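Here is a brief report on aromatic contacts. Please look at the sequence and the model first.

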Amino acid sequence: MVTVRSSEARGAFNFGWLDTKHTFSFGEYHDPEHMRFSALRVINEDVVAPGQGFGRHPHREMEIITYVLSGALRHEDSSGGGGVMRPGDVQRMSAGTGVTHSEFNDSDTEPVHLLQIWIRPNVRDVPPRYGQISVPEHERQGRLRVVASPDGREGSLPIYQDATVMATLLAPGESVTHNLPDRRSAWVQVARGEVTLNGQTLRAGDGAGLTGERAVTLRAVAPAEVLVFDLP
């Protein structure tokens with residue numbers, strides 16, 4: 001079964017400095033029908049104005065993954081992690097026993113557009129940790145490139161959960177397939193463009209949960225950037 005969560009159905013807020021859309025309940029947006037999907041707890045699409053950002057704040061017991069679509073994002077946290085992220089960069093912060101961090105647009109002239117993802121961990125009371133990788137376009141073009149996984153395969157960021165996060169860039173007509181073992185589910189989030197997912201059309205901002213499906217098959221209708229989550 002494929003259950004589509006349209007872009008327009010998401011929680012949406014514009015605070016001037018931040019234009020944000022929430023796939024699942026988050027902050028001031030509460031929808032008991034959309035609290036999470038499997039271990040996937042948050043997918044927020046954020047556009048942060050130049051020179052603005054999120055001041056230092058705490059997190060615990062969550063795997064937080066940031067994926068930059070355009071612009072530059074500056075990160076600092078109490079575990080010693082930090083740096084500037086640009087398109088193609090992926091960051092993982094395991095909050096563990098507790099961490100504080102801040103994230104700001106690193107540009108004074110251009111907005112930064114990003115996806116922030118929270119995954120519930122399957123291990124608790126671990127020390128916080130930070131990691132960042134750069135995944136060039138050619139590694140994502142026409143294929144599903146693993147960017148986060150439980151075992152760090154393909155040079156991905158290791159996370160404390162039996163979940164795999166993959167990213168792909170697809171030209172019109174290109175397709176990719178990810179097979180799903182029994183009792184596994186998946187979530188697809190379209191960051192840009194237009195695709196078909198197992199025959200159903202999804203556009204930028206749309207997401208979809210898959211349960212009881214044998215595979216995830218994406219075909220691009222227009223140039224597209226998509227994240228695929230293989231979940232327990």
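## Phenylalanine 26 and tryptophan 118

Phenylalanine 26 has a relative accessible area of 25%, so the residue is partly exposed (buried is under 20%, exposed over 50%, partly exposed in between, with a 1.4 Å probe and protein chains only). Tryptophan 118 is buried at 14% relative accessibility.

This is a predicted model: local features need pLDDT of at least 70, side-chain atom pairs count only at pLDDT 80 or more, and totals for chains, interfaces and linings use all residues. Residues are numbered from 1 along each chain as its sequence is written, and side-chain values use heavy atoms, with hydrogens and water left out.

## Aromatic pairs

The structure holds 5 aromatic pairs. Rings of Phe, Tyr and Trp (its six-membered ring) pair if their centres lie within 6.5 Å; planes under 30 degrees apart are stacked, over 60 edge-to-face, the rest tilted. Phenylalanine 26 sits in the loop between strands E3 (18-22) and E4 (40-48), and tryptophan 118 in strand E11 (residues 112-119), 92 residues apart. Strands are DSSP runs of at least two residues, numbered from the N terminus.

Phenylalanine 37 and tryptophan 187 have ring centres 5.3 Å apart and planes at 55 degrees, so this pair is tilted. Phenylalanine 37 is in the loop between E3 and E4 and tryptophan 187 in strand E17 (residues 185-197), so the pair ties together parts 150 residues apart in sequence.

## Burial and cluster

Phenylalanine 37 is buried at 16% relative accessibility. Tryptophan 187 is buried, at 4%. Phe24, Phe37 and Trp187 form one aromatic cluster.

Notes: Helix = DSSP H or I, 4+ residues; strand = E, 2+ residues; numbered from the N terminus.
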